[in-house]
Amino acid sequence: MRETLLVTAGIALAITVGCAAVAVGGRAAGAPPSQAPPGIVVVLRDLSPPSQRVRFQASRAVARREDGATVELRVVPPRRSADETSDEVLWLEGDAPPAVYTGIDVYFLSATRSGSDRAESLEVPAEPTRVDSSFVVSPGTGTVLAVILRSALTLDAPGRFMPVLEGRPRPRPTTGLLGLASVGGWDSVALFDKRTGDLAALLHVGRDPAGLALDIERVRAYVAVSGDDEVVALDLLEGRIRERVALRAGDRPRDLVLTPDGRTLVVANPGSDTVSFVDTLSAIEVERVPVTGHPASLLMDRDGRRVFVLSERSSTIVVLSVSSRSAVGAIAVDSGPVRARLAGRNGERMIVAHAESPYLSVVDSRTLIVEQRVYVGPGARALEVDPRSGRVYVARARTGRIEVFDFSSLLPVAEIPVPGEVTWLSVEADGNGMGVLLRDPAEARIVGLVGGGTVLRTPLGSNPSALRFVQGGTAP
């Protein structure tokens, strides 16, 4: 199979030649799930003059090592956002081993320029186009190389495609500017700059990473690695794995929450219908509690004393005590609770969204009594509450929008259009924005809490799962 890349006006479009397989989210359909996470990810930004914008296809690319060896890079299939043009796209990725690299060589298949009457075919370079940029791939990480297309044509040869490409490795932003996304297609946690949207680095954590929790005081992140039945602790200052906490085979951990003192991690294990309590100082599971119905989402109260466990295949929210590590209550709700968030000045209300019910449940978090059911429509997938305005944000399947509700009346007040399925919502308070994680196209966005327009976007690998921001001394 030969893969080629078509780029037009800053948008990357991939074409697969000689094979009927459909490419999805950065990996070809049917690719083995054990494929190694990328050591190199190349993003492309088209800054060529508008008069020089062309459509071009890249057939292959290689990364050049300092010792003279080369590593094949894969052409990333398209994930175009349907609502507006993205100026930066994923272009290439490869399973590059740790080494020092001197740049990449890109081979082009064809190029066309749109004229007033018809498209004009351009002659492409016979030799690969070099991008000279020294970068290092370290063990357990993925380096992001940012490539800029400066120009595509020259005045003395208007019929030839003459790309001028510049590249440089992306620096990792300071900790206070970090956004994190767990990305199953990369088996990694992706780090990006929440101020610019620039993808910065990958931390390889294991198969099918899912939920994330942040410890701001210790500058750590915890990720539930579903495919390896473990929790991984990341050192965000050094950009490395600090330790791994082994759970039991078949647990398939999905979500986790951390107590305010950072000492206890609570982990939902839908594969075994259990919830684990992990001591973060010793990195050992100290207790587990059975919770039926596929527990997959957790919410901790603000003082860290109780955890609300949402099970996808039940109509009950189980309440666990952190101190006794046992069930202390239950809340009868509609079928299929998928997300819950605290609301109110002191977190006295809990908003619950359901996948199998068209209603939001409003629960008194102190008495555990359902006070109200509010119709929003079926198929909820993500939920968030803005702690400043109290507004409630709900994303439902196949609607193409995020619906915004007033906290007091729970009446709809606004909509935010999105181009695909939303998997996670997370307030980015420092920038007065809402983080939106999309599955297809696979990307993280920050949209304005006022106006709802897209402020930033970060392209990601396939199957993104959770999104968090380091902000203001607390984690959302």
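Biologist: Why is Ala283 called buried?

Modeller: First, note that this is a predicted model. Ala283 has a relative accessible area of 18%. Buried means under 20%, so Ala283 counts as buried.

Biologist: Where is Ala283 placed?

Modeller: Ala283 is in the loop between strand 23 (274-279) and strand 24 (284-290). Its phi is near 60 degrees, a positive value in a residue other than glycine.

Biologist: How do you know that His294 is buried?

Modeller: The relative accessibility of His294 is 13%. The cut-off is under 20%, so His294 counts as buried. His294 belongs to the loop between strand 24 and strand 25 (295-300). Its phi is positive too, about 70 degrees, although His294 is not a glycine.

Biologist: What is the peptide bond from Asp440 to Pro441, cis or trans?

Modeller: That bond is cis, with omega near 5 degrees. Pro441 sits in the loop between strand 38 (433-439) and strand 39 (442-448).

Biologist: Now the rings. How many aromatic pairs are found in the whole structure?

Modeller: The search finds 6.

Biologist: What makes the pair of Tyr101 and Phe135 stacked?

Modeller: There are 5 degrees between the planes, and the centres are 5.3 Å apart. A pair needs centres within 6.5 Å, and stacked needs planes under 30 degrees apart. Both conditions hold, so Tyr101 and Phe135 are a stacked pair.

Biologist: Why does that pair tie separate parts together?

Modeller: Because Tyr101 lies in strand 9 (residues 99-114) and Phe135 in strand 11 (residues 129-137), parts that are 34 residues apart in sequence. Tyr101 and Phe135 are both buried.

Biologist: Why is the pair of Phe192 and Phe469 described in another way, by its planes?

Modeller: The planes of Phe192 and Phe469 are at 85 degrees, and the ring centres are 6.1 Å apart. Over 60 degrees counts as edge-to-face, so this pair is edge-to-face. Phe192 is in strand 15 (residues 188-193) and Phe469 in strand 41 (residues 464-469). The pair links distant parts of the chain, 277 residues apart.

Biologist: How do you know whether Phe192 and Phe469 are buried or exposed?

Modeller: Phe192 has a relative accessible area of 2%. Phe469 is at 1%. The limit is under 20%, so both count as buried.

Biologist: What puts the charge of Arg373 over the ring of Tyr359?

Modeller: Arg373 lies over the face of Tyr359, at 4.1 Å from the ring centre. The distance limit is within 6 Å. Likewise, the charged end of Arg60 sits over the ring of Tyr107, 4.6 Å from its centre.

Biologist: Which residues touch the most other members of the largest nonpolar core?

Modeller: Leu180, Trp186, Leu199 and Leu460, in a core of 38 residues. Leu180 touches Phe192, Leu212 and Ala466, among others. Apart from this core lies another, of 33 residues, including Ala61 and Trp91.

Biologist: What makes strand 29 and strand 32 edge strands?

Modeller: Strand 29 (337-343) and strand 32 (369-375) each pair on one side only. They belong to an open sheet of 4 strands in the order 29-30-31-32, with antiparallel pairing.

Biologist: How do you know that strand 31 and strand 32 pair?

Modeller: Strand 31 (residues 359-364) and strand 32 share 6 bridges, in the antiparallel sense. At least two are needed, so they count as paired.

Methods. Residues are numbered from 1 along each chain as its sequence is written. This is a predicted model: local features need pLDDT of at least 70, side-chain atom pairs count only at pLDDT 80 or more; totals for chains, interfaces and linings use all residues. Side-chain values use heavy atoms; hydrogens and water are left out. A nonpolar core is a set of buried Ala, Val, Leu, Ile, Met, Phe, Trp, Tyr and Cys residues joined through side-chain atoms within 4.5 Å. Buried means under 20% relative accessible area, exposed over 50%, partly exposed in between (1.4 Å probe, protein chains only). Contact means heavy atoms within 4.5 Å. Helices (H or I, at least four residues) and strands (E, at least two) are DSSP runs, numbered from the N terminus. A charge sits over a ring if NZ of Lys or CZ of Arg is within 6 Å of the ring centre and within 35 degrees of the ring normal. Lists of a residue's contacts leave out its neighbours within four places in sequence.
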